[in-house]
Amino acid sequence: MIVVGWLDEFMWGSLVVLQIFFLALIMAVTWGLLGAAAKLSSNRAAKLTATVFTTIFRGTPELLVLLIIYFGSAITLTSIAQFFDPEVKFVDIPPLWAGSFAVSLIIGAYATETFRGAFQGVDPGTVEAARSLGISSTKTFFYVRLPQMWRLALPGFGNHMLSLVKDTALVSVIGLEEILFTADIATSVTIQPFTMYMVAALIYLGFTTVIMYGVRLMEKRANRHLEGGR
Amino acid sequence: MSFDIALIIESVPKMLVGVGITLQLLFLSTLFGTLLAIVTLLMRIGPFRWLRWPAIAYIYFFRGTPMLVQIFVIYYGLAQFEFVRDSFLWPALRVPFWCAIIAFSLNVGAYTAEILRGAVQGVEKGLLEAGSALGLTARQRFIHITTPIAVRLSLPAYGNEIISLMKSTALASTITIFDTMGVARTIMAQTFKPYEVFISAAIIYLVIVWFIQMGIALAERRFGRYMKR
């Protein structure tokens, strides 16, 4: 089997995918929480900003967002660098970071809507109960609202995580050496495009399967207080 | 660095030519994908296990892998096999446009099949019981009760799927198709002005999404008219 010789390259590629996945996941959750907070706040400017954010990043192709961020940041950084040192030719954000950032913005926009809905789904009675018990609003947020919201957000957020891992494939377009890029190189050497791209597909299938089961376990855990009781 | 307005004015008409290709990709893939989804749905919920199993495998594969990988497997991958190159399908399979259509249709088919399955399962049991009490056969119940209600139930998710497909058509630019995104990338390569070019393209895409959303809202109103009181 010709694939065996390429397995280590594919493994390194998979590690890059995991890196992007976790970097983007952390950022996406941050954008999602900030966006949801802004959308639910009474501040009009914050609301408008969040709406513009979700409209733009949910309405434009993922590839376009990635290219704007990568080339846009590169050209901005280059012109800043040239201002100080005219010798400089090209400065860019490392593709790993530009890619993770772009993917996180897209998923963050979707997560904003999911989190907003989930926060609204939390029974206000529980928040009032915490308040009447004299629990501070910070503690109420972390111990009452967040755990309940998490349970409601999980099904939607699980789907976002699946989209996230699949969107990492796009980052190969800006030259990051992940699975798809490896398949590309392997193809040019072995002239077996189907085999190599299929290997890439199966690796991604493995990732999505693991995430699917992971989300199912998390849902079970988040819903454990509902088991048996009724 | 300055913002080049002239470049925007110059490049938007070129991109609008690309919009034609984007819309063709969108329309044909939605059409083929939906037909494929209906066939897959019937296989998936039908009584035969040997039909159910391939449907599940198909849905699992196409929902679990990135669209870009699927495009590459079909466009670059299929040429590996001699029997594909010798077959009568080769004239279509060597054209990037048709490869993109095949990849998008297969992808949309898998997602839509799941959407439709959810909708079919969401149809109230009581209605079907009422149908059988009135003496309708299983086939009549499926055509006259399940289908119209499931269509209405599936519309919001189906609409999102079309919007998501529209955004995915930008991936066609990776296999040398000059859709909106392809044109934008060409202009970008010539001028190296990412902000002007890509932001113009983004606005074009946002307008298309807006039109699709309006269309879906109209369809929802039309198919949901029985719910109005």
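This is a predicted model: local features need pLDDT of at least 70, side-chain atom pairs count only at pLDDT 80 or more; totals for chains, interfaces and linings use all residues.
**View 1. Helix H10 of chain B and the nonpolar surface patch.** The patch lies on the surface and is formed by Phe3(B), Ile5(B), Ile9(B), Ile199(B), Ile203(B), Val207(B), Trp210(B), Phe211(B) and Met214(B). Together these residues have about 920 Å² of accessible area. Helix H1 (5–45) of chain B, like H10, supplies at least two residues of the patch. Phe211(B) is located in helix H10 of chain B.

**View 2. The interface between chain B and chain A.** Contact here involves 35 residues of chain B and 41 residues of chain A. The size of an interface is often expressed as the accessible area lost when the parts come together. Between chain B and chain A, about 3,200 Å² is buried, and carbon and sulfur atoms give 79% of this area. On the chain B side, Tyr60(B), Gln80(B) and Lys167(B) lose the most area to chain A, together 18% of what that side buries.

**View 3. The salt bridge and polar contacts across the interface.** One salt bridge is found across the interface of chain B and chain A. Glu62(A) pairs with Lys167(B) in a salt bridge whose closest N and O atoms are 4.0 Å apart. Across the interface of the two chains there are also 10 residue pairs in polar contact.

**View 4. The side of chain B that touches chain A.** Two or more residues of this side come from each of helix H2 (49–64), helix H3 (67–77), helix H9 (180–191) and helix H10 (194–223) of chain B. H10(B) gives the most, with nine residues. By residue type, this side comprises 26 nonpolar, six polar and three charged residues.

Notes: Residues are numbered from 1 along each chain as its sequence is written. Chains are lettered from A and ligands numbered from 1 in the order in which they are written. Side-chain values use heavy atoms; hydrogens and water are left out. Contact means heavy atoms within 4.5 Å. Buried area is the accessible area (1.4 Å probe) that two parts lose on being put together, summed over both. A salt bridge is a side-chain nitrogen of Lys or Arg within 4 Å of a carboxyl oxygen of Asp or Glu. A polar contact is a pair of N or O atoms within 3.5 Å; within protein, one must be able to donate a hydrogen and the other to accept it, and residues adjacent in sequence count only if both atoms are side-chain atoms. Helices (H or I, at least four residues) and strands (E, at least two) are DSSP runs, numbered from the N terminus. Ala, Val, Leu, Ile, Met, Phe, Trp, Tyr, Cys and Pro count as nonpolar, Asp, Glu, Lys and Arg as charged, and the others, Gly among them, as polar. Patches are made of residues with over 30% relative accessible area and no salt bridge: like charges are joined within 9 Å, nonpolar side chains (Val, Leu, Ile, Met, Phe, Trp, Tyr) within 5 Å. Accessible areas come from the Shrake-Rupley method with a 1.4 Å probe; for residues, only the protein chains shown count as cover.
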